[in-house]
Amino acid sequence: MIDLENVAYSYGGGELLSEMSLSIASGAFYFLTGPSGAGKTTFLKLCYGALVPTAGQIRIFGNDVRGMSRDEVALTRRRIGVVHQDCQFIDHMSMLDNIALPLAVSGNNTLAEDANLKELLAWVGLSHRAKAFPPELSGGERQRAALARAIIMSPDVILADEPTGNVDWEMSERLLQLLLELNRMGKTVLIASHDLSLIRSAKSQVQARVLRISNRRLQLAGANL
Amino acid sequence: MNSLHGLLEVLRADHHRDRVVPATGFTATLTTLTAAAMAFLIVFALSLSFAADRLAARWATALEGTATIRISAPQDQLANQVERSLAILSETAGIETARALNIEEQQALLAPWFGPDIPLADLPVPKLIAITEMDGGFDAQGLRLRLAAEVPGAVLDDHMRWRKPLVRAAQRLTLLGAFSILIIALTSGAMVMLAARAALAANAQVIAVLRLIGATDTYIVAAFVRRFAMRTFVGSCLGVVGGGLILLFLPSETTTASILTGLRLQGVDWIWLFIIPPALAAVAFIATRFAANRVLGELS
């Protein structure tokens, strides 16, 4: 689905990531870990075409990112659900409208008013907050709303950057369960997190591959997390 | 093809997309006020242009097809020179009528300056011959030469000497009005472009979110362009209504014939006011589209 071949990324004269090779397989569950500042977010941005590698090649659904126009990247991104740690929303639109926005953007305006949307809100436990505006939501509610927005287009891949970074343990578990459920539905999930307890919890429930960024390089983490 | 698709996308109403850009903010107020002010100015530039055009047309047609011969000669030769001039005129091709003004007519012409009781018969006032031309006109230069040779006191005045510079001045005023409208429209475009750039910068988070969820540049551009075109349209409607009301209460040209009193639009000229808001909206459309495409390119 997403293939990285000897990928490097430099910024401001320094190399942040180098010699990264990975083939993200369909239906797999990945964790990406590493210390703060290791380049986890940069790696995810490379995976969904927000950044272009300075060396190597990235193919998203078979297309080389370097040869794609901005609109082609945008269309490809509709097949990738992204959840960011800071959960950016459009603050003057209700939570319901924010979650439905990917449908509206892709031209499915009728679906944006569909009953499935309410089901999705119920699934992430936000039915009662549908009319609320993003600034009125708690950290956990924003994370769940971001997850709902990421999956509303039924993407093939879900990339989550520190999805439990701003929430308590109970909410972390709840978000993890939602992601595990999506994986059971056949979605590929890649979570960037430095929360080792979350990774251990997930590994007890799913066959997850744990990747680690260390010294700018991607490594497969062993059993000793 | 991509440009056409982008254009059609902008024209297509989409209530979800139209809500993406916040409806309030300083750029919204700035755009609306700028459009109102610019439309207001365009109304007056337009009325000045039309008034000057009407004046040019009036001056161009005033005394058109007529000429005058002025005969200044000693009293004992005056009648003879008038008679000789009329004889020459009767032989000149292109002249329909020629007749000497009588004493009452000449008195009426001088009355505004000397009063009605001027003893014209006692004064050495030149004699005037009024000429009416045929459609094709006559050879003024040829007539002048012949008069100079045969009637030494006769001077032909075809009115072009004073009419031409006035008509030219009025035509230049018309052009000035049109040029002012162009400058105002370009300034409006520049102002809207600046406001659009500020709005795009202020809404960086909206753009980031839209990009994250797979919005194409066409979608994002359309959201901003529609918002700014609508604001400009509403603002220019307000400006046109304000300017139109003031024009409506200006004195009508029919009461006194002057450019200062003839600024009020006449007849079908009023229709032009309805063209100003959509025209300014079109300028805003182009300006915002240009600014949005540039900003999105820079953000990549």
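These legends describe close-up views of a predicted model. Local features need pLDDT of at least 70, side-chain atom pairs count only at pLDDT 80 or more, and totals for chains, interfaces and linings use all residues. Residues are numbered from 1 along each chain as its sequence is written, while chains are lettered from A and ligands numbered from 1 in the order in which they are written.

**View 1. Gly49(A) sits in a loop of chain A.** The loop runs between α1 (40-47) and β4 (55-60). Helices (H or I, at least four residues) and strands (E, at least two) are DSSP runs, numbered from the N terminus. Gly49(A) is buried, because 22 other C-beta atoms lie within 10 Å. Buried means 20 or more other C-beta atoms within 10 Å of a residue's own, exposed means 12 or fewer, and partly exposed is in between; C-beta atoms are placed from the backbone. Beyond its neighbours within four places in sequence, Gly49(A) is in contact with Ile60(A), Val65(A), Met68(A), Val73(A), Thr76(A) and Arg77(A). Contact requires C-beta atoms, placed from the backbone, within 7 Å. Ile2(A) is 47 residues away along the chain, and its C-alpha atom is 10 Å from that of Gly49(A).

**View 2. Val43(B) belongs to helix α2 of chain B.** The helix spans residues 26-61. Val43(B) is buried, because 25 other C-beta atoms lie within 10 Å. Residues up to four places away aside, Val43(B) touches Val240(B), Gly243(B), Gly244(B), Leu247(B), Leu273(B) and Ile276(B). Val241(B) is 198 residues from Val43(B) in sequence, yet 9.4 Å away in space, C-alpha to C-alpha.

**View 3. Chains A and B meet.** Chain B brings 21 residues to the contact and chain A brings 20 residues. On the chain B side, α7 (204-212) and α8 (217-248) each give two or more residues. The largest share, 7 residues, is from α7(B). This side has 10 nonpolar, 6 polar and 5 charged residues. Ala, Val, Leu, Ile, Met, Phe, Trp, Tyr, Cys and Pro count as nonpolar, Asp, Glu, Lys and Arg as charged, and the others, Gly among them, as polar.

**View 4. The largest nonpolar core has 122 residues.** Such a core is a set of buried Ala, Val, Leu, Ile, Met, Phe, Trp, Tyr and Cys residues joined through C-beta atoms within 7 Å. Leu159(A), Ala39(B), Ala196(B) and Phe224(B) touch the most other members. Helix α2(B) supplies the largest share, 14 residues. A second, separate core has 11 residues, including Ile69(B), Ile131(B), Val151(B) and Leu156(B).

Technical notes. Two residues are in contact if their C-beta atoms, placed from the backbone, lie within 7 Å.
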